[in-house]
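Let's take a friendly walk through this model together. Please have the sequence and the 3D view open as you read.

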Amino acid sequence: MTKSPLSAPLPGWTSFSTDMPAAVGGTPLIRLRKASEATGCEIYGKAEFMNPGGSVKDRAALAIIEDAERKGLLKPGGTLVEGTAGNTGIGLTLVANARGYRCIIVMPETQSREKIDFLRMIGADLRLVPAKPYKDPGNYVHVSRRLAEEGGYVWANQFDNLANREGHRHTTAPEIWQQLDGKLDAFTCACGTGGTLAGIALGLHDAAQKAAVKAPHIVLADPEGSGLYGWVKSNDLSVQGSSITEGIGQSRVTANLDGAPIDDAERIPDPEALDIIYSLLIDEGLSVGGSSGINVASAIRTARKLGPGHRIVTILCDGGARYQSKLFNPEFLRSKNLPIAPWLDK
Ligand code: PMP
C-alpha cells in the first residue's frame, strides 16, 4: 500500500498554527490514481480545498491583506472591498475577521447559493449585483472599485493587484517544488484572476533556475466561454460557448496573468470536467468543484501529449459541497443537458 500523504509531516506543515491566517497553505499534494493509471504518468492535485476558507483563494486573500498592511493602507478597524465570484470573498472575510477588519463583498448573483449563504454566515457585508460583462460599468469588479473609491476603503483588486500572484509565487510554488523534490515536468491550471497560474508558473521557473534544471511545461486550462485559450494559441481573446464552472475564465489579460511563462493551453468542455469530478468523488474519495474538474482534465490531456513517465501537477481549487445545488443537482444538470453523477440520477 502506498503511504498516505497524511501519514508523514509535509514540507511546510507545522504542528500548530498561531492563528487562522497562519493555517493558510501547506496543503497536501494528492496522487490522482485514475488519471495517473489512464495516462502512465504521475498526476498530482494540490489539495487547496483544505485551506481554512475551503479554497485556493485563501492564499490570495492573505497575500493581498498582508501587502496592504505592509504598505500602511490597511489599519486596525479598516474596511476592505472586493468584487469576487465568492471564494476570494470568503478568504478575505475570514482573514479580515481574524485581523479585525471589515469586508464589503460584491458578487454576481449568478454564483452558487452555497457560496452566497456561506458569505452571509461568516459576516460579510454582501452586495449581490446582476452578472454583466467586464466592459459594462455595472460589472461586479467596477461596482467594487467605485464603492472603495467613494468610501475611502481599501480595494483588494485581486485581478490586477500583483500581491495575488506573488503570494502563490512565494508559497504554493515552493511547496509544490519541495513536495516533489523538484521533479515535475508540467503544471496546469485554469485562470480567473490568473494569480494561481502565473504565480505558480513564475515560482516554478524561479526554483528551476536556482536548481539549474529545465523549467516545467506550463499549460493554461480554460473552460468554454473564456477568451484565454484563444489568447495563448493565436493571440485572439474572442469567446465562444459557455460553462457552468465558477471563478474561472476571463475575457482580458489581467495584470496578474500578463508576462506569465505559458507554453500551451487546453480548452475543456463541461461534460469532460463533470465526468472527472464524479470519478474523483466516487473512485478516489475527493470532493471537488468545477474548476478542479477543468484542471484535472487539462492535466490528463497534457499527460497524453507528453507521453508516459511524466509528472504533472494541477490544483484542486475548492470542494464539491460549494456546488451541491449545481454540479450535484440532477434537475439543474438535466436543464443544461449535462452528464449527471450516476448515483444521483434516479
Ligand atoms: N477555481 C475557483 C473555484 C475559484 O474561485 C477561482 C478564483 N476565482 C479560481 C479557480 C481561479 O483562481 P485565480 O483567480 O487565481 O486565477
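## Ground rules

Residues are numbered from 1 along each chain, following the sequence as written. The model is predicted, with local features needing pLDDT of at least 70 and side-chain atom pairs counting only at pLDDT 80 or more, while totals for chains, interfaces and linings use all residues.

## Two domains

The domain assignment of the protein gives domain 1 (21–54 + 170–336) and domain 2 (56–155); such bounds come from an automatic or database assignment. The centres of domain 1 and domain 2, taken over C-alpha atoms, are separated by 24 Å. Their contact takes 26 residues from domain 1 and 19 residues from domain 2, where two residues are in contact if their C-beta atoms, placed from the backbone, lie within 7 Å.

On the side of domain 1 that touches domain 2 there are 7 nonpolar, 13 polar and 6 charged residues. In this scheme Ala, Val, Leu, Ile, Met, Phe, Trp, Tyr, Cys and Pro count as nonpolar, Asp, Glu, Lys and Arg as charged, and the others, Gly among them, as polar.

Helices here are DSSP runs (H or I, at least four residues), as are strands (E, at least two), numbered from the N terminus.

## Nonpolar cores

The largest nonpolar core has 60 residues, and Ile43 and Ala201 have the most contacts inside it. Helix α8 (residues 195–211) gives the most to this core, with 7 residues. A second, separate core of 35 residues includes Leu92, Met107, Ala148 and Leu162. A core here is a set of buried Ala, Val, Leu, Ile, Met, Phe, Trp, Tyr and Cys residues joined through C-beta atoms within 7 Å. Buried means 20 or more other C-beta atoms within 10 Å of a residue's own, exposed means 12 or fewer, and partly exposed is in between, with C-beta atoms placed from the backbone.

Beyond its neighbours within four places in sequence, isoleucine 43 is in contact with Leu32, Ala35, Ser36, Ala299, Ile300, Ala303 and Ile312.

Helix α2 (residues 57–70) is mostly covered, with 10 of its 14 residues buried. Those buried residues, among them Leu62, Ile64 and Ile65, pack against α3 (87–99), β6 (154–155), α6 (163–170), α7 (172–179) and α8. Just after α2, glycine 72 takes a positive phi of about 75 degrees.

Helix α11 (residues 290–306) is largely enclosed by the rest of the structure, because 14 of its 17 residues are buried. Just after α11, glycine 307 has a positive phi of about 95 degrees.

## A closer look at lysine 34

Lysine 34 is found in helix α1 (residues 33–39). Is lysine 34 buried or partly exposed? Lysine 34 is partly exposed, because 15 other C-beta atoms lie within 10 Å.

Not counting residues up to four places away in sequence, lysine 34 touches Ser279, Asp283 and Glu284. Lysine 34 and isoleucine 276 are 242 residues apart in sequence and 9.5 Å apart in space, C-alpha to C-alpha.
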